[in-house]
Every structure is written in structure tokens, then in C-alpha cells.
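Please consider the model shown below.

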Amino acid sequence: MKKAFQFLLFMFCASTAVAQTATPSDSLEIVVIFGNEETLNYWKTLLRANEVAVSEPSGARLWRIAIRSSIVIGGRTIVLEDPATIIGVIGGRADAIGLISASGNTNFTLPHLTPPYLLNSINARENGYPFLTRPITIDRNPFNINDIPFLPTAPIEVQRDLKIYLLDTGIELDNNNTPNHNLLKRHVDMTAAKDFVNNTDFPNDDHEERHGTAVAGIVTRYLSYLNNPSGKSVKITPFKVLNRNGVGTTFNIIKAIDQATKNGANLINCSFAIKKRFLPFYGNAPLQIAIDKAREKGILFITGAGNDDSNIECRPVFPASLPNDNILTVGACQYQNSEQQKASFSNYGKRSVDVFAPGFRIGTTGKENTLVRITGTSFSTPIVTGLAALLAVQMASNAPMNAPSNAPTAPTNDPIDFRLIKKIIMDNADGRLRSESVKGVINCPKALRTL
């Protein structure tokens, strides 16, 4: 194919409908990024695409195109039997993950692809009862033996402002659109909050098990160790990118990443994953490009490895499996037989999973202001986000590797040194589970002692 074919294509899904045969009246929504205006115009004309939206700084474009029975390229008529055919035809790159919509009564997804999904097993039962029915007390004392190596041992002095963004199902809000949990009110910043699913400024968590609320509660637990006499701003901003069923679109995720980048985010927690298989491709996916743009602003992504008990080097999930150096991928461990072991459900990968953190019966905030224990790599991820936050508030953005503890204070909105934070977390991990990850199990006190 000629060079005009060289663009990036990403397709996404907001439902899990059964695959059906497409008719000429059906339509796809796709996400594309082009290298230049000429290529963009060529494909827009060829596909007769309707541009729905554009997201910056990634340059991701949401297009709606009609699925036709055939398409003419270079004088050659190509029959399009299904959505997979059109993806293969219109680009050398096609990392599709399903459809968001189709017109009329026809809804379908590519049969070998699935949408973004939540990385949790929050409905797991113990002795016949949901974990959610077992309230616990949240304070600075360890909940159980799983927590001992993973909490600070002393208050943390805040030296800089910090912005933490959570891309999830939102957080539970009360009737005044403020956080419904006392533990979250102190640390959640609603001024920049956004619901990308319903296009509002109030990202209310309507997921049945309040997935995003539980994630926020874990990060808040770490922020409770901050000693902040200088009044620096350390805040969590919720972005709702997944609906009440825990499903979202890649374009909304990219929009959220772009918005967080423009807002001066420092850390982004991604307790979700996209599972897909690649068609032949070259170049980078739009999601990867959005994360690259965030990298230019010094943003570190902490993302879950997934709950399939699979090697993500063989069965990749995204963004966890992307090669971006500003991604820190987290698996879940649990305490068994007097030592930390990989949780039975957790994904793993000697080169792709950077570290493990607790992911079994983690104490946090739940539905309707309750306190619960929950399980999944969704909840290992914010533990590492919390540790990254404690490290970030103590260092300047331009601190070199092995910077002394008296490094100069970073000004407001200055980027963090994401490489140094990632290095400290990984280098101070315990050797356990090194066969299933790059560095093993995190050790919070040990990492904090390096500063």
C-alpha cells in the first residue's frame, strides 16, 4: 500500500453486543491520528467520514463512517464483508477493540475483541457473603498482615504541589455534587472533575460496587500520612471514563488523558484495561500517542496488569503492555504460607509487569459511605499510586537520580521526575516474585527511606 495508508487507527466499544452481519446502513466510530493534513484529507474523503470530535494534544479524531458493501481504492473495488475487513483495508495499522455503536437495530462487536473493562473481582464471595457486607475501620494501623510492608512508618513532609488524576467510574457524590465520603472530602478536587461518559462536570460513581470510589479511598489512605504545614496543594481529581457497567470508549479515555495533561497532572491512575488482539500494523496506537504527549509533561501512569492469571507478554492488555517508559504496571500479590505470593487471579510478566502490590481484601471506602474490603489488581494499582505520590511531594522536578533529601522545592505545577519516582519504587522492591515481574513486591518504607 502507498504511504497514504500510513496512519493510525483505533476502534473502540461501549457495549458487549453479539457479532452480527453489517448492512450498508450501519456505521462505525473509529479513532484516528494522522501524520499530516494531506493524508488526513485523503482518507476522510475516501471513507466519507463524518468528524465527530478532536482531542488535543494527542490529535486523536473521532470519525463516524458508514459501513458499505464495497470500497474503491486505486481503481480496485474491495468487498467489505464485515467491520474487520474495513479495518484491514483502510490502514496498515489497526489495533481495533470493538464498536461503540451501529445505526438502526444492529449492534455488534468484532468477535475476537473486547472493550475496556474493570480490573477487579469486587463481587468475590467469602463463606457465602460478599466482601462488601463486612465493614472495617480505616485508620493508620495495618488492616492485616498484607499491609505491613506497604504503608509508611512516619509522616511525610510535603515540599510541592501535586495533582493526581483517577480515570475510572468517578467517585460517589452526594446531592450537592460533593464527595459522599468524609475520607475523600479533604483530598478530592472537584474544580477540574469531569464526567466524559455523560459530558458533565460531576463524575458521580454509579457503578454498582463504586469501583472508582474504592480506588480513590486507597489513594486517600496514603495521603493521610502527609504533614503539610506549608499548605501545598495535594489533590485527587476524578475523571469518569467508564459507565455504570464498567465499560468505556477509547476516545473518552484519550480525551481524559489529554485533558489531564492540559490541566498539569502529575500522576494518572488507570485501574482498567483494554484487551485486544492486533491486526497487522506499524507505528503507534492513538492511546500510546496520548500517553507519549503526557510524558512530555512529566506525567507518570500507574496501571493494573489485569485479573486473567495470564502472562501479558503473550496476551497483552493495555495500557499495561505499552512500552512507554512513563507507565508503571502493577500486579497483585497476597500473603500466603508466611510469604507474599502472586494472587491467584493476577496477570504477570517478567518484562511487562514492573512490580507487585497487595490486591487481596484491601480496605477502602465503599458504597453509601461504607468501609469495605475488596480484591483485584484495580486495588493494587492505587497502592502504588499512593506511594508514588508520597515520593513525588518530597522532591523537586529537576532532581537528578539519587537526589539528596534536601533537594530544592519544586514550584507549583512543575513536572515531577517520573523516571526517578519509578526507579525508586522498582529498585526498592523486595526480590519476591522476581520470576513473574521486573522487580518484585513493593516496599513502601524502604522506598521512602531513600529520600
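**Salt bridges, cores and confidence**

The structure holds 12 salt bridges, a salt bridge being a side-chain nitrogen of Lys or Arg within 4 Å of a carboxyl oxygen of Asp or Glu. This is a predicted model, in which local features need pLDDT of at least 70 and side-chain atom pairs count only at pLDDT 80 or more, while totals for chains, interfaces and linings use all residues. Residues are numbered from 1 along each chain as its sequence is written, and side-chain values use heavy atoms, with hydrogens and water left out. The term pLDDT denotes the predictor's confidence in each residue, from 0 to 100.

Side chains of opposite charge can pair when their charged atoms come close. Helices (H or I, at least four residues) and strands (E, at least two) are DSSP runs, numbered from the N terminus. R351 is exposed, with a relative accessible area of 65%, whereas E313 is partly exposed at 27%. Here buried means under 20% relative accessible area, exposed over 50%, and partly exposed in between, with a 1.4 Å probe and protein chains only.

A second pair lies within a helix. K423 forms a salt bridge with D427, and the closest N and O atoms are 2.8 Å apart. What is the spacing of K423 and D427 in helix α8? The two residues are four apart in α8 (residues 418–427), so about one helical turn separates them. Both are partly exposed: K423 has 34% relative accessibility, and D427 has 39%. Together with K439, K423 and D427 are linked in a network of salt bridges. A further salt bridge joins the side chains of R432 and D430 at 2.3 Å, N to O. Of its two partners, R432 is partly exposed at 28%, while D430 counts as buried at 16%.

The chain as a whole contains nine helices and 23 strands. Helix α1 (residues 37–47) shows two sides. T39, L40, W43, L46 and L47 are buried. Seen down the axis of α1, these buried residues fall within an arc of 140 degrees, so they line one face of the helix; the arc is that of the directions from the helix axis to the C-beta atoms. On the other side of α1, E37, E38 and T45 are exposed. Just after the helix, R48 takes a positive phi of about 55 degrees.

The interior can be considered next. Of the 451 residues of the protein chain, 59% count as buried. In soluble globular proteins, nonpolar side chains tend to be buried together. A nonpolar core is a set of buried Ala, Val, Leu, Ile, Met, Phe, Trp, Tyr and Cys residues joined through side-chain atoms within 4.5 Å. The largest such core has 67 residues, and those with the most contacts inside it are L162, I164, L267, V384, I421, I425 and I442. Helix α7 (residues 377–392) gives the most to this core, with nine residues. A second, separate core of 31 residues includes A256, A265, A290 and I327.

Among contacts between residues at least 6 apart in sequence, 77% join residues at least 24 apart. With residues up to four places away left out, L162 touches S233, V234, K235, N266, L267, A389, A392, V393 and I416. E368, in the loop between β22 (362–365) and β23 (371–374), is exposed at 58% relative accessibility. Leaving aside neighbours within four places in sequence, E368 is in contact with E172 and N180. The C-alpha atoms of E368 and H181 are separated by 8.0 Å, although the two residues are 187 apart along the chain.

The protein chain averages a pLDDT of 76, and 70% of the residues score at least 70. Over residues 90–117 the pLDDT is below 50, and this stretch has 128 contacts in the model beyond near neighbours in sequence. Residues 397–411 also have a pLDDT below 50, with 24 contacts beyond near neighbours in sequence.

Methods: Contact means heavy atoms within 4.5 Å.
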